[in-house]
Amino acid sequence: MQIHSHSFQNRQSIPPEFALGARDGKDGLGGNRNPHLAWEDVPEGTHSFALLCIDTDAPTDGALVADAATPIPVEHPRGDFVHWAIANIPAGVRGIAAGSCSDGLTVHGKPAGQDAGGARGLNDYTGWFAGDPAMAGQYHGYDGPYPPPHDLRVHRYFFRLFALDCAQLALPDTFTAGDVLRAMHGHVLAETAIHGTYSLNAASGQG
């Protein structure tokens, strides 16, 4: 199974059109459109797909993220930040059009619903904005990159697609990427991935 995108090249910079944050965007915001994705060479016996987008370079110290005056070192410990989770994408689907699932920031988060015919789960902006009354809410679906501008590391965003041998995963009505990973254990026929990079640090030449 293979995946590709017309919105960015594998291992190359993601355009600000598909990011939540942009140095030159209005009010510091990018287009927050979901990128185009398409896949082929699906294994026989596939009954559904799951898709996750995860930043694997998120800083683990919230206080350091909040301190914009102090650069975050490249060697600072990193963790995952989920930007998109979809489960139960029908087996006949072979792509997602750019901007079809997200086009601009939805304050307080997009509601539960469907992306590409599948159920969309919560992303990690739900927790990030929890303490901000102006932004707090349940952020379903895609919300793009917004790494700290003072982070010296260029972040990587992995779009991971899983072909599954079941049509429906056993998930709660409101689910996370962690729920998807647990539910699909033992059901994965194949996995493929593509990743793009993004940074709002001026020295990186991105964002």
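Glu-191 lies in strand S9 of this predicted model. Helices (H or I, at least four residues) and strands (E, at least two) are DSSP runs, numbered from the N terminus. At 41% relative accessibility, Glu-191 counts as partly exposed; buried means under 20% relative accessible area, exposed over 50%, and partly exposed in between, with a 1.4 Å probe and protein chains only. Leaving aside residues up to four places away in sequence, Glu-191 touches Met-1, Arg-160, Leu-161 and Phe-162. Contact here means heavy atoms within 4.5 Å. The side chains of Glu-191 and Arg-160 are joined by a polar contact of 2.7 Å. Such a contact is a pair of N or O atoms within 3.5 Å; within protein, one must be able to donate a hydrogen and the other to accept it, and residues adjacent in sequence count only if both atoms are side-chain atoms. Pro-43 is 148 residues from Glu-191 along the chain, yet their C-alpha atoms are separated by 10.0 Å.

Residues are numbered from 1 along each chain as its sequence is written. In this predicted model, local features need pLDDT of at least 70, and side-chain atom pairs count only at pLDDT 80 or more, while totals for chains, interfaces and linings use all residues; side-chain values use heavy atoms, with hydrogens and water left out.

His-195 also has its place in strand S9. At 9% relative accessibility, His-195 counts as buried. Its contacts, not counting residues up to four places away in sequence, are Phe-8, Gln-9, Asn-10, Arg-11, Gln-12, Arg-156, Tyr-157 and Phe-158.

Strand S9 (residues 188–198) runs antiparallel to S8, and ten bridges join the two. Two strands pair if DSSP finds at least two bridges between them. Phe-159 has Ile-194 as its bridge partner in S9. Leu-164 has Val-188 as its partner in S9. Strand S3 (residues 48–59) pairs with S8 in the antiparallel sense over eight bridges. There, Leu-51 is partnered by Leu-161 of S8. These strands belong to an open sheet of six strands, with antiparallel pairing and the order S6-S7-S4-S3-S8-S9. Strand S6 (114–115) and S9 are the edge strands, each pairing on one side only.

How enclosed is strand S8 (residues 155–164)? Seven of its ten residues are buried, so the strand is largely enclosed by the rest of the structure.

The largest nonpolar core has 26 residues, of which Leu-37, Trp-39, Leu-51, Trp-84 and Phe-159 touch the most other members. A nonpolar core is a set of buried Ala, Val, Leu, Ile, Met, Phe, Trp, Tyr and Cys residues joined through side-chain atoms within 4.5 Å. Two or more residues each come from strand S2 (37–40), S3, strand S4 (78–90), S8 and S9. S8 gives the most to this core, with four residues. A second, separate core of 16 residues includes Ile-54, Ala-87, Leu-164 and Cys-166.

Aromatic rings were examined next. A search of the whole structure finds six aromatic pairs. Tyr-125 and Phe-129 form a stacked pair, 5.6 Å centre to centre with 15° between the planes. Rings of Phe, Tyr and Trp (its six-membered ring) pair if their centres lie within 6.5 Å; planes under 30 degrees apart count as stacked, over 60 as edge-to-face and the rest as tilted. Tyr-125 and Phe-129 are both buried. Ring pairs link Phe-81, Tyr-125, Phe-129 and Tyr-139 into a cluster.

Backbone angles complete the account. Most residues other than glycine have a negative phi. Arg-11 has a phi near 70°, a positive value in a residue other than glycine. Arg-11 sits in the loop between strand S1 (2–4) and S2. At 59% relative accessibility, Arg-11 counts as exposed. Asn-32 is found in the loop between S1 and S2. Its phi is near 50°, a positive value in a residue other than glycine. Asn-32 counts as buried, at 0% relative accessibility.
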